[in-house]
Amino acid sequence: MNRTLTRLRCRNLRPRAHAASAWSWSFSRGLGDVSANAKRPPSAPKPIVDIKHIRQNPELYERTCIERNYKHQAPNAALIVELHAKWQDLQRQGRTLRERSNLLRRQLANPATSSDDQDLQEVRLMSREQIQDEARSLKQELAVIEKGEAQAVAQMEELALEIPNLTSDDTPRGDEPEVLSYINNPPTFTESPEDKIWRSHVHIGSELGLFDFAGAATASGWGWYYLLGEAAQLEQALVQYALATATRHGWTQVSPPSMVYSHIGAACGFQPRDESGEQQVYTIAQSAADIERGVPEMCLTGTSEIALAGMKANTTIDSEDLPLKRVAVSRCYRAEAGARGADTKGLYRVHEFTKVEMFAWTAPDEDVGIEVMDEMLDMQTEILSSLGLYCRVLSMPTHDLGASATRKVDMEAFFPSRRGGWGEVTSASLCTDYQSRRLGTRARIDGRVAFPWTANGTALAVPRVLAALLENGWDEETKTVAVPECLRPWMDGKDKIGLGKRRTSVDRV
């Protein structure tokens, strides 16, 4: 692969700069539309959004929403500007009322006070009953104004939290990715329909007795699976190889939980439902007693990125610990409703899978953040290259970015059985301070407290890589699959899968 090309392109991952403002609102309510269903306990992180920057750049944020296909959030910045003007007007009214109220209290406390203040002289002409009546009236007016101020602040914060992260100037606009480079040489395949069938990982796995989709459908439903024998062994080999690679590069292993509070997932930018309103996240049912006691809702994580990010919620990281780099293996759960089709059969789109994920906190500096993302891309390249997979590296467009990423680079492997041939196997994202602000994660840098940047990347997603290995390593003559050399230490030294193995019963695929 031309690694230099990829690195040079990724060195331009410059988000539009905006300084962290001292005038930022602390938000302790919900997370707006992103977390409408995520109940927050008092101990939950208090998001801090840079509303001043939104007010100063409403056109920028409107354009960001439109480019990312967040059309419902596009008016939010302009609404924030209007609400801020309303808040300022209420502040002025409240200030005037408080000054008058203080004057009345001074007169009540010390009627004999002499002063050249014209307003005070006017008050001294009033009776005590008149002063008390006006003070009560002012108190009621002030309560209404303070309520209006609080509502304006809450509305501004809620609107701000719905807006996605700013987009890097180097992210392609629209819905078409930009090809940055390729990994390994393209494979050669005959085009006979018979061969095309056998190159599907579903048929290969069923022929060799590696999968049981029918049993999983009975036990759990479609979209679930059993890996058998050498496929289960291959899963563990892939996990161990990815962990060994990341550890060799200095990333610390973590064994994270697979369940988190729903408000943690929402703070990371993961929406419980997609644009069509379909379920994307599995939430855990609560008892009536838990709901009554205000126990926060929990969900299964779709990636260990969420649990890793939550590990530093409400904490301050010392500058000497940055960049703080972690790698975790976990089971991941995704509802992915309505995402079925010919290209998603078998292992390509499933509800539960094993994934090795990298996550890092960095100083709020573009060069450092880009350097860490480059390191992730290099490791992804090393892993996919050594597995012998033919891949392409893509700079993903604005329509494909989630709420948190300013820039995203995907790697797609070649699948002989897929229409179009390509399928995503890794992803890496730079999220600037989007997640750290919403999780209350801070860093102490040069004597000041700032919000660190976060970056995440797939080290290895097992099912899709396993499927790619089966399809690309299949030998039609011997009915075997080649085992990449880098995995053989965890495969009892085997160089092939399927020797002497045949399907004993027809599996439903």
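Visitor: Where is proline 323 found?
Guide: Proline 323 sits in the loop between strand E9 (316-318) and E10. Keep in mind that this is a predicted model.

Visitor: What makes the bond between leucine 322 and proline 323 a cis peptide bond?
Guide: Look at omega. For the bond joining leucine 322 and proline 323, omega is about -5 degrees, and the bond is cis. Most peptide bonds are trans.

Visitor: Why is strand E10 called largely enclosed?
Guide: Count its residues. E10 covers residues 324-333, and eight of the ten are buried, so the rest of the structure largely encloses this strand. Buried means under 20% relative accessible area.

Visitor: How do you know that E10 pairs with strand E6?
Guide: Pairing takes at least two bridges. Three bridges join E6 (residues 252-254) to E10, so the two strands pair, and they run parallel. Threonine 252 stands opposite arginine 326 in E10.

Visitor: What makes E10 and strand E11 a pair?
Guide: The cut-off is again at least two bridges. Ten bridges join E10 to E11 (residues 352-362), so they pair. These strands run antiparallel. Here serine 330 stands opposite lysine 355 in E11.

Visitor: Why does threonine 303 count as buried?
Guide: Its relative accessibility is 2%. The cut-off for buried is under 20%, so threonine 303 counts as buried. Threonine 303 lies in the loop between strand E8 (298-300) and helix H13 (304-310).

Visitor: Which residues does threonine 303 touch?
Guide: Leaving out residues up to four places away in sequence, threonine 303 touches Phe270, Cys332, Arg334, Lys355 and Glu357.

Visitor: What makes the meeting of the threonine 303 and lysine 355 side chains a polar contact?
Guide: The distance counts here. The two side chains make their contact at 3.0 Å. A polar contact needs N or O atoms within 3.5 Å, one able to donate a hydrogen and the other to accept it. The pair of threonine 303 and lysine 355 qualifies.

Visitor: Why does asparagine 314 count as partly exposed?
Guide: Its relative accessibility is 45%. Buried is under 20% and exposed is over 50%, so asparagine 314 falls in between. Asparagine 314 is found in the loop between H13 and E9.

Visitor: What is the phi of asparagine 314?
Guide: Asparagine 314 has a positive phi of about 60 degrees, although it is not a glycine. Most residues other than glycine have a negative phi. Lysine 479 also has a positive phi, near 55 degrees. Lysine 479 lies in the loop between E18 and E19.

Visitor: Why do strands E18 and E20 stand at the edges?
Guide: Start with the order. The open sheet of three strands runs E18-E19-E20, with antiparallel pairing. E18 (474-475) and E20 (496-497) each have a single partner strand, so one side of each lacks a neighbour in the sheet.

Visitor: How do you know that strand E19 pairs with E20?
Guide: Two bridges join E19 (residues 480-482) to E20. At least two are needed, so the strands pair. Valine 481 stands opposite isoleucine 497 in E20.

Visitor: How many Å does helix H10 reach from its first C-alpha to its last?
Guide: H10 (residues 230-248) reaches 26 Å. With 19 residues at 1.5 Å a residue, 27 Å is expected, and the helix comes close to that. Glycine 250, with a positive phi near 95 degrees, follows H10.

Notes: Residues numbered from 1 in each chain as written. Predicted model: local features only at pLDDT ≥ 70, side-chain atom pairs only at ≥ 80, totals over all residues. Heavy atoms only, no water. Helix = DSSP H or I, 4+ residues; strand = E, 2+ residues; numbered from the N terminus. Buried < 20%, exposed > 50% of the residue type's maximum accessible area, 1.4 Å probe, protein only. Contact = heavy atoms within 4.5 Å. Expected span 1.5 Å × (residues − 1).
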